[in-house]
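User: I'm new to reading protein structures and I'd like to know where the labels come from. Could you go through them with me?

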Amino acid sequence: MIEALRLVMTDATAPISQMLPSQALPRTKDMATSFLFSSTLLSTIHLNKLVHLILSALVHEQNQLFGRAMLYLHNPKTCTLQGMLGICREDASALHIVDTTEGNPLTGHWDLDDRTMEQQRQSEFCRNVRASRIDLDDGCRIVSRVVKERIPCRISHIDCLECRDCGFVRRFDMKTFAVAPLATRDRLVGIIIVDNPLSDGPIEDEQLQLLQLFANQSGMALENSRLYRNLEETHAELRDARQRLMHGAHLAALGEMAASLSHELKTPLVTIGGFAARLGRLLEPDATQRQYLDTIIGEVQRLEHLLGDVLAYSKKPTICYNRFDLRAVIRESIEDYFIVFEEQGISCHLLLPEGYWEVLGDAHQLKQVFINLLVNAQEAMPDGGELRLTLSRGDTEKPSVVVTLADTGGGIPEESLSSIFTPFFTTKRRGTGLGLPIVSRIVQNHGGMISAGNSDLGAEFRVMLPLAGMPD
Ligand SMILES: Nc1ncnc2c1ncn2[C@@H]1O[C@H](COP(=O)(O)OP(=O)(O)O)[C@@H](O)[C@H]1O
Ligand SMILES: [Mg+2]
């Protein structure tokens, strides 16, 4: 039983003669091994390589320590230890020393090549370890105790047989084994389990002390590696944010230019349109000049529309946040277009289920999103068709809503799919190519996402928006 365990503690404050039995004072060989071990931990920052080196060193024939070694990493969220790597003595023979000065045992470090590490990962034992997980609340009680008290321990076969509910020892057919915690000052990183399946010999005091010495150093090295990876990820995120900011600054400059240009252009355009309409009223209905005037009026309207789109795209995102039911915005947008759809023979099917569909955002801007998508659908079905608009829950971590708009207009050509959200991309003779970029920008400013694809009969757009939290 657990009470019968013989625990060996390493007390950092105790004098060394108290920590180690006198016959176990470090031998030169152990010192050389410890030295090699610590320089090996300094030789790489990559977590994967580190764990291969640590376990290989523990089982390598020359070190005469253990026959098998396994590493489990701690997952505090699930309160489990997940098997990460397991290495037997025969899989560690390729471990070799590099950078050594001839004749000096206190130089160099161990190394392994990528192929050996791959072979180690593919071994049956390793796969078995990776497929295993130790539940700290309800699994091996001995391991749980090591984790709780952060001290190493060794267990004999007899101790474990008494612990009948544990499948762990049977899974690996372990007899005498030792467990050491991998910990930093305030965090448990994982554990190392070692045994000697072939010799079935006992684990000596010196071996256990070396194991704990290695485990202490390994815990720090693995933690450093994790922190380094976090640092790299944060650095990459910062770089992306900087690029987005620079892009934003360019867009802002473009926006200002577009705003002043459009202001300059709008006034003469209104004058041209107004005078053209006046001239039209002076002409006889069947006058040949009417055709010219209609062209002028049509083109003026198109330019006004283009200027409106450029302004909408380059405008700074000022969102007036309000909480509202998304279904109301969708219904309003459809109502605005209902007559146009009817005249063009487009039937509209709405599936807006009951439920909580409140979002936090700018209703006016979101209406613009649906109108732009409806206009595109209408333009894709000049000879009539069907439009289906469905509301459903998103499968995101935080609650979200997905609005799907599917038409029967033949779809978006495969080669255009990757360009449709790029400003000014259009396949239409009179298109501005700004409808979807405006949609995408508004959706993103609301913390959502838009994607486009094709179904059998036409295009399908999916707009995902985060749902507002339920009011208290
Ligand atoms: N429902 C749709 N069906 C087919 N193609 C579409 C649809 N919606 C958008 N597209 C494609 O995406 C392009 C870009 O759309 P958009 O940004 O709204 O600009 P525009 O409508 O002015 O061309 C369109 O020219 C068209 O090729
Ligand atoms: Mg459009």
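Analyst: Let's begin with one word: a residue is called buried when its relative accessible area is under 20%. One thing to keep in mind is that this is a predicted model. Now take strand β9, residues 188–195: 8 of its 8 residues are buried, and that makes it mostly covered.

User: What makes β9 and its partners pairs of strands?

Analyst: Two strands count as a pair if there are at least two bridges between them. Strand β2 (residues 68–75) is joined to β9 by 6 bridges, with the two running antiparallel. Strand β8 (residues 177–183) also pairs with β9 in the antiparallel sense, over 7 bridges. Both counts meet the cut-off of at least two, so both are pairs. You can find the facing residues too: Arg 68 is opposite Asp 195 in β9, and Pro 181 is opposite Ile 191 in β9. Between β8 and β9, the link is a hairpin of 4 residues.

User: Why is Ile 134 called buried?

Analyst: Its relative accessibility is 3%, and the limit is under 20%, so Ile 134 is buried. You'll find Ile 134 in strand β6, residues 133–135.

User: Which residues does Ile 134 touch, leaving aside its neighbours within four places in sequence?

Analyst: Ile 134 is in contact with Tyr 72, Cys 79, Thr 80, Leu 81, Cys 140, Val 143, Phe 168, Ile 191 and Ile 193. Look at Phe 168: Ile 134 and Phe 168 are 34 residues apart in sequence, yet their C-alpha atoms are 7.8 Å apart in space. Across the chain, residues 24 or more positions apart make up 70% of the contacts with a separation of 6 or more.

User: Why does Cys 88 count as buried, while Cys 348 is called partly exposed?

Analyst: Set each value against the limits. Cys 88 has 10% relative accessibility, and that is under 20%, so Cys 88 is buried.

User: What makes a group of residues a nonpolar core, and which residues of the largest one touch the most other members?

Analyst: The largest core has 41 residues, and Leu 326, Ile 330, Leu 366, Leu 373 and Val 403 touch the most other members. Elements giving two or more residues to this core include α11 (326–343), α12 (363–380) and β14 (400–407). The largest share, 7 residues, comes from α12. There's also a second, separate core of 39 residues, with Leu 53, Ala 69, Met 84 and Leu 211 among them. As a general rule, nonpolar side chains in soluble globular proteins tend to be buried together.

User: Why are β11 and β15 said to stand at the edges of their sheet?

Analyst: That open sheet has 5 strands in the order β11-β13-β14-β16-β15, with mixed pairing. β11 (346–351) and β15 (449–454) each have a single partner strand, so one side of each has no neighbour in the sheet. From one strand to the next, the twist averages 15°. Inside the sheet, β13 and β14 pair in the antiparallel sense over 7 bridges, and Thr 390 is opposite Thr 404 in β14. Helix α12 lies across β11, β13, β14, β15 and β16, at about 20° to β14.

User: What makes α13 mostly covered?

Analyst: Of its 11 residues, 8 are buried. Among them are Gly 435, Ile 438 and Val 439. The buried residues of α13 pack against α10 (289–314), α12, β15 and β16. One residue of α12 to look for is Asn 372. Leaving aside neighbours within four places in sequence, Asn 372 is in contact with Gly 435, Ile 438 and Val 439. Asn 372 has 11% relative accessibility, under the 20% limit, so Asn 372 is buried too.

Methods. Residues numbered from 1 in each chain as written. Chains lettered and ligands numbered in written order. Predicted model: local features only at pLDDT ≥ 70, side-chain atom pairs only at ≥ 80, totals over all residues. Heavy atoms only, no water. Buried < 20%, exposed > 50% of the residue type's maximum accessible area, 1.4 Å probe, protein only. Core = buried A, V, L, I, M, F, W, Y, C linked by side-chain atoms within 4.5 Å. Axes fitted to C-alpha atoms, helices over the stretch in contact; angles between N-to-C directions. Contact = heavy atoms within 4.5 Å.
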